[in-house]
Amino acid sequence: MRDKGEFLFTSESVSEGHPDKVADRISDTVVDAYLAADPYARVACETLVTTNRIVLAGETRGPDTITAEYLAHLARLAVHDIGYDQPGFSWRNAEIDVHLHAQSADIAVGVDAAGNKDEGAGDQGIMFGYACTETEALMPAPIYYSHLILRRISELRRAANSTVQGLLPDAKSQVTLKYVDGKPVGATSVVVSIQHEEGMTAGRIKEMLTPIVKAALPAGWMPAADEFYVNPTGKFVIGGPDGDCGLTGRKIIVDTYGGAAPHGGGAFSGKDPTKVDRSAAYVCRYLAKNVVAAGLAERCTLQLSYAIGVSQPLSLYVDLHGTDKDVDPAKLERTLRQLVNLSPRGIREHLQMNRPIYAVTSAFGHFGRTPDADLGTFTWEKTDLVPALKSAFGR
């Protein structure tokens, strides 16, 4: 993202009822089921959802107590929690097929620890992390507010005395912000498309959503009424997996930084934390966020790379985008390696990732969330490295 002149930048989010997010939720529910039974279980689960059908496929290694019937039951509960009980997609009667099989022995031999060999990465790949000072969560503002709008609608939809009655689980948001010299100053347009019951007009839905969107944005940021678009096609009754097939891992930009930072290409949901697609991307965010939280820079992009079966990363790269306060990037890279063991095992132990904490990550982004000490969720959002970083750089 540029740091000079004026420009517009847009990010989007999708709700927990979007077909791809339904698939992500089910896949992460499978991960949690295995980790609850065995913290060292291995899971790579893909989910497909379409009209009254759910298909799970992939590879696992874990207790025999995790049966296909149990996973089908958990998938049904996940759909119920999201809120789908419609003729075309219902938790009650959707057909569920489970096609999970044992993990490849060829992968296991390269990844597992043995003798003096530490656990290796589960695959090759590059992972990125990013943080900036645009929001209190140290996230880019367009994706932050896109998530916040949908999260607040979801909370209201689930409330006992809902003020958004008639709105259904499938939704998308899109926020376009104006930047001046790298700083967001206001929204030029907002789009919300949301599934609804038959008979509701786009005008009525816009009336319901206007105060919600206005409250989600900073004061004075709400765009003009004619730049707030609600269900632009006029009708959105058929939605969710009945309206569009959903697959795990198809919303990777929504899951991360809304396009404001690079993405390595790997999806997160459905993968246990030995997979560096997930764990290394999380630790990249953790390190970048701590760099910014320590006041070393206003923006930080961080990259790690791995080879399958190799424990330590092949590279660590930090870009402070010229916003640093006289920080030597090479020294910063060395310091970060000293503070955190960046092997797959080291990441998992440092961030306490071998626990059933992933279903909650499947909607509204994996980053910029509030850590919960009691539940142990979103540990990669903690800023506990700040004292050490400040000390290392004399701050």
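**Ground rules.** I'm working from a predicted model, where local features need pLDDT of at least 70, side-chain atom pairs count only at pLDDT 80 or more, and totals for chains, interfaces and linings use all residues. Residues are numbered from 1 along each chain as its sequence is written, and side-chain values use heavy atoms, with hydrogens and water left out.

**Entry 1, the sheet.** I looked up the strand order and got S7-S12-S13, an open sheet of three strands with antiparallel pairing. Strands here are DSSP runs (E, at least two residues), and helices are runs too (H or I, at least four residues), numbered from the N terminus. Two strands pair if DSSP finds at least two bridges between them. Which strands stand at the edges? They are S7 (125-132) and S13 (315-319); each has a single partner strand, so one side of each lacks a neighbour in the sheet. On average, neighbouring strands are turned by 15 degrees against each other, direction ignored.

I then checked S7 against S12 (residues 299-306): eight bridges join the two, and they run antiparallel. As one example, Ala-131 has Cys-300 in S12 as its bridge partner. Helix H8 (residues 276-293) lies across S7 and S12, at about 30 degrees to S7. For contact I use heavy atoms within 4.5 Å. Axes are lines fitted to C-alpha atoms, for helices over the stretch in contact, and angles run from 0 to 180 degrees between N-to-C directions.

How do the axes of H4 (residues 141-158) and H5 (residues 202-216) cross? They come within 9 Å and cross at roughly 135 degrees. The pair is therefore oblique, the class left over once under 35 degrees is roughly parallel, over 145 roughly antiparallel and 65 to 115 roughly perpendicular. From H4, the contact residues include Tyr-145, Leu-148 and Arg-152, and from H5 they include Leu-209, Ile-212 and Val-213. By class I get 10 nonpolar, no polar and one charged residues. Nonpolar covers Ala, Val, Leu, Ile, Met, Phe, Trp, Tyr, Cys and Pro, charged covers Asp, Glu, Lys and Arg, and the others, Gly among them, are polar.

H1 (residues 19-37) and H2 (residues 68-82) pack at an angle of about 135 degrees, with axes 9 Å apart. H1 and H2 are therefore oblique to each other. Among the contact residues I noted Arg-25 and Thr-29 of H1 and Asp-81 of H2. The class tally for this contact is 12 nonpolar, one polar and two charged residues.
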